[in-house]
Amino acid sequence: MADDDGEGERLTARELARSASETLAELTGYAPEGVSAFQWDGETWLVTVDVCELRRIPNTTDVMASYVVQLDEGGGLMGYKRTRRFTRAAAEEE
């Protein structure tokens, strides 16, 4: 989608989330299960993608992980890191 101010193309939130999910899957081999956070930090997009790292029976004991994928404005990968591991059934307390 072209900007009215001539800065070029900006990706939508959906396109950025898709880019983060697809890139993470290619690099880690884990299929993304969802995007749980999306944030602009002033310089880059930070997209948190949740994946299943280890399937178990019952599936409520699957080992899940959250990865923060850092993207530039055009959706290019700047970096990524795993920030959390948890079981699928674990509720987060704040």
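# Briefing: one helix and four strands in a predicted protein chain

The protein chain exposes about 6,300 Å², and carbon and sulfur atoms account for 46% of that area. The model is predicted, and its pLDDT averages 90 over the chain, with 89% of the residues scoring at least 70. One helix and four strands make up its list of elements, and their order from the N terminus is α-β-β-β-β. Of the 94 residues, 30% count as buried.

**Confidence**

- Residues 1-6 have a pLDDT that stays under 50. For this segment the model has seven contacts beyond four places in sequence.
- Where pLDDT is low, predicted coordinates should not be read in detail.

**Strand pairing**

- β1 (residues 32-40) and β2 run antiparallel and are joined by seven bridges. Within this pairing, F38 stands opposite V47 in β2.
- The hairpin of β1 and β2 has four residues between the strands, and G42 takes a positive phi near 105° there.
- β2 and β3 also pair in the antiparallel sense, over nine bridges. W45 has L71 of β3 as its bridge partner, and V51 stands opposite A65 in β3.
- β3 and β4 (residues 77-87) run antiparallel and are joined by nine bridges. In β4, T87 is the bridge partner of V63, and R84 is the bridge partner of S66.
- The hairpin of β3 and β4 has five residues between the strands. In this hairpin G75 adopts a positive phi near 90°.
- Among contacts between residues at least 6 apart in sequence, 35% join residues at least 24 apart.

**Burial of the strands**

- Eight of the nine residues of β3 are buried, so this strand is largely enclosed by the rest of the structure.
- β2 is mostly covered, with seven of its ten residues buried.

**The nonpolar core**

- The largest nonpolar core consists of ten residues: L16, A20, L24, V47, V49, V51, A65, Y67, V69 and L71.
- Three elements, α1 (13-28), β2 (45-54) and β3 (63-71), each supply at least two residues of this core. The most comes from β3, which gives four residues.
- L24 belongs to this core. Leaving aside neighbours within four places in sequence, L24 is in contact with G29, V49, V51, Y67, V69 and Y80.

**V47, a core residue in β2**

- V47 lies in strand β2 and is one of the core residues. Its relative accessible area is 0%, under the 20% limit, and V47 is therefore buried.
- Not counting residues up to four places away in sequence, V47 touches A17, A20, V35, A37, F38, Y67, V68, V69 and L71. Among these, F38 is also the residue that stands opposite V47, while A20, Y67, V69 and L71 are listed in the core.
- V47 and R18 are 29 residues apart in sequence, and their C-alpha atoms are 9.8 Å apart in space.

**Aromatic residues**

- A search of the whole structure finds three aromatic pairs.
- Y67 and Y80 form a tilted aromatic pair, with 6.1 Å from centre to centre and 40° between the planes. This pair links distant parts of the chain, with Y67 in strand β3 and Y80 in strand β4, 13 residues apart.
- Ring pairs link F38, W40 and W45 into a cluster.

Methods
Residues are numbered from 1 along each chain as its sequence is written. This is a predicted model: local features need pLDDT of at least 70, side-chain atom pairs count only at pLDDT 80 or more; totals for chains, interfaces and linings use all residues. Side-chain values use heavy atoms; hydrogens and water are left out. pLDDT is the predictor's confidence in each residue, from 0 to 100. Contact means heavy atoms within 4.5 Å. A nonpolar core is a set of buried Ala, Val, Leu, Ile, Met, Phe, Trp, Tyr and Cys residues joined through side-chain atoms within 4.5 Å. Buried means under 20% relative accessible area, exposed over 50%, partly exposed in between (1.4 Å probe, protein chains only). Accessible areas come from the Shrake-Rupley method with a 1.4 Å probe; for residues, only the protein chains shown count as cover. Two strands pair if DSSP finds at least two bridges between them. Rings of Phe, Tyr and Trp (its six-membered ring) pair if their centres lie within 6.5 Å; planes under 30 degrees apart count as stacked, over 60 as edge-to-face and the rest as tilted.
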